[in-house]
Amino acid sequence: MYIEKSRFESIEHLEHNIHLIKVYSPSIARSAKPGQFCNIKVSDTDFPLLRRPFSICNVEGEHIFFMFDIHGEGTLLLATKKAGDELDILGPLGNGFDSNGDYQTAVIVAGGLGAAPFPFLTKRLPADKNIYSLVGGRSLHQVIKWGLKNIHVSTDDGSEGFKGTIVELFKTKIDELDGKKIRVFGCGPNPMLKALQELSIENNFDCQISVECAMACGFGICQGCPIENADGGGYSLVCKDGPVFDAKKVKL
Ligand SMILES: Cc1cc2nc3c(=O)[nH]c(=O)nc-3n(C[C@H](O)[C@H](O)[C@H](O)COP(=O)(O)OP(=O)(O)OC[C@H]3O[C@@H](n4cnc5c(N)ncnc54)[C@H](O)[C@@H]3O)c2cc1C
Ligand code: FES
């Protein structure tokens, strides 16, 4: 883990008001794994604004990319940075996805901005794996395809692709995926992750989910990000033990 005084390089406005920022951060870029995140200090003062966690969306050489839309004050400040500004970044944090092992097809399931960690995962998947990306949003304006491959879309209102949730779309693909050894990688809002968790348990899928919650320190000190373990054996910390969990092992 590094605290790196990084250089803000550029901001690109992707479709649907999604921002993609590029940051020169060589130490973090060299050690980052897909599914990890960084805690970015978005303001120049320490108070009242805390750091904000963002998934590592992509890495190119010594540059890192982050994807976000404007939720509140933190993301608004991040969107106003200019080329050459210094950005204080803590990372890489968390465990990341485990993409090695015995499976043939990676099934990526992304809801809305839950697509953020997947361009990096897509790039770093072992070369012998096939990719199948299921990407959903409430409407076509929330469907984020940047950096993904072999994309199948769902929207709740039917404005693009399958009409229904991304997990309902997944259910329609189970026969197509039958016989292929799959590993599921999911990220998105909690109700989506819960539905994905249920589907995976029913079908005995090997499934890793990246969980979001409010965070403060980002590395296990403040105890501010507990998630209940499914076996009733206490809590894990999303920032340190996650954000990626075996879908069978946590209560959502
Ligand atoms: C491990 C991890 C990875 C993340 N990766 C990304 C990413 O790649 N891109 C991205 O845009 N966001 C990501 N987030 C969420 C991101 O941290 C929030 O968007 C950010 O904290 C909002 O800050 P803000 O100051 O703009 O909004 P705030 O003023 O803090 O909040 C505005 C609104 O957003 C809600 N909100 C704040 N934080 C979260 C959260 N963590 N989850 C759900 N709702 C929240 C608040 O309840 C409030 O209603 C991630 C969070 C975690 C824990
Ligand atoms: S955010 Fe502090 S322990 Fe997780």
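Trainee: Why does ligand 1 lie between domain 1 and domain 3?
Mentor: Because domain 1 (2-93) and domain 3 (212-252) both give residues to the shell around ligand 1. The domain bounds come from an automatic or database domain assignment. This is a predicted model, in which local features need pLDDT of at least 70 and side-chain atom pairs count only at pLDDT 80 or more, while totals for chains, interfaces and linings use all residues. Residues are numbered from 1 along each chain as its sequence is written, and chains are lettered from A and ligands numbered from 1 in the order in which they are written.

Trainee: Which residues come nearest to ligand 1?
Mentor: Phe68, Gly72, Gly74, Thr75 and Ala116, out of the 21 residues around ligand 1. Near here means that the C-beta atom, placed from the backbone, lies within 6 Å of the molecule or strand in question.

Trainee: And which elements supply at least two residues of that shell around ligand 1?
Mentor: Strand S4 (51-55), strand S6 (63-68) and helix H2 (73-79) each do. S4 gives the largest share, 4 residues. Helices (H or I, at least four residues) and strands (E, at least two) are DSSP runs, numbered from the N terminus.

Trainee: How do the shell residues divide by class?
Mentor: There are 12 nonpolar, 5 polar and 4 charged residues around ligand 1. Ala, Val, Leu, Ile, Met, Phe, Trp, Tyr, Cys and Pro count as nonpolar, Asp, Glu, Lys and Arg as charged, and the others, Gly among them, as polar.

Trainee: Back to the domains. How many residues of domain 1 are in contact with domain 3?
Mentor: 8 residues of domain 1, and they meet 7 residues of domain 3. Contact means C-beta atoms, placed from the backbone, within 7 Å of each other. On the side of domain 1 that touches domain 3, the elements giving two or more residues are S3, S4 and S7. That side has 5 nonpolar, 2 polar and 1 charged residues.

Trainee: What about S3, is strand S3 enclosed or open?
Mentor: Strand S3 (residues 37-41) is largely enclosed by the rest of the structure, because 5 of its 5 residues are buried. Buried means 20 or more other C-beta atoms within 10 Å of the residue's own, exposed means 12 or fewer, and partly exposed is in between, with C-beta atoms placed from the backbone. Phe37, Asn39 and Lys41 are on one side of S3, and Cys38 and Ile40 are on the other.

Trainee: Which way do S3 and S4 run?
Mentor: Antiparallel, joined by 5 bridges. Asn39 has Pro53 in S4 as its bridge partner. S3 also pairs with strand S7 (residues 86-93) in the antiparallel sense, over 4 bridges, and there Ile40 partners Ile89. Two strands pair if DSSP finds at least two bridges between them.

Trainee: Changing topic: which residues of H5 are buried?
Mentor: Met192, Leu193, Ala195, Leu196, Gln197, Leu199 and Ser200. Their cover includes strand S8 (105-111), helix H4 (166-177), strand S12 (182-187) and strand S13 (206-210). Just after H5, Asn204 takes a positive phi of about 55 degrees.

Trainee: Last one. What is Glu228 in contact with?
Mentor: Leaving aside neighbours within four places in sequence, Glu228 is in contact with Tyr235, Val250 and Lys251. Glu228 lies in strand S14 (residues 226-228). It is partly exposed, with 13 other C-beta atoms within 10 Å.

Technical notes. Two residues are in contact if their C-beta atoms, placed from the backbone, lie within 7 Å.
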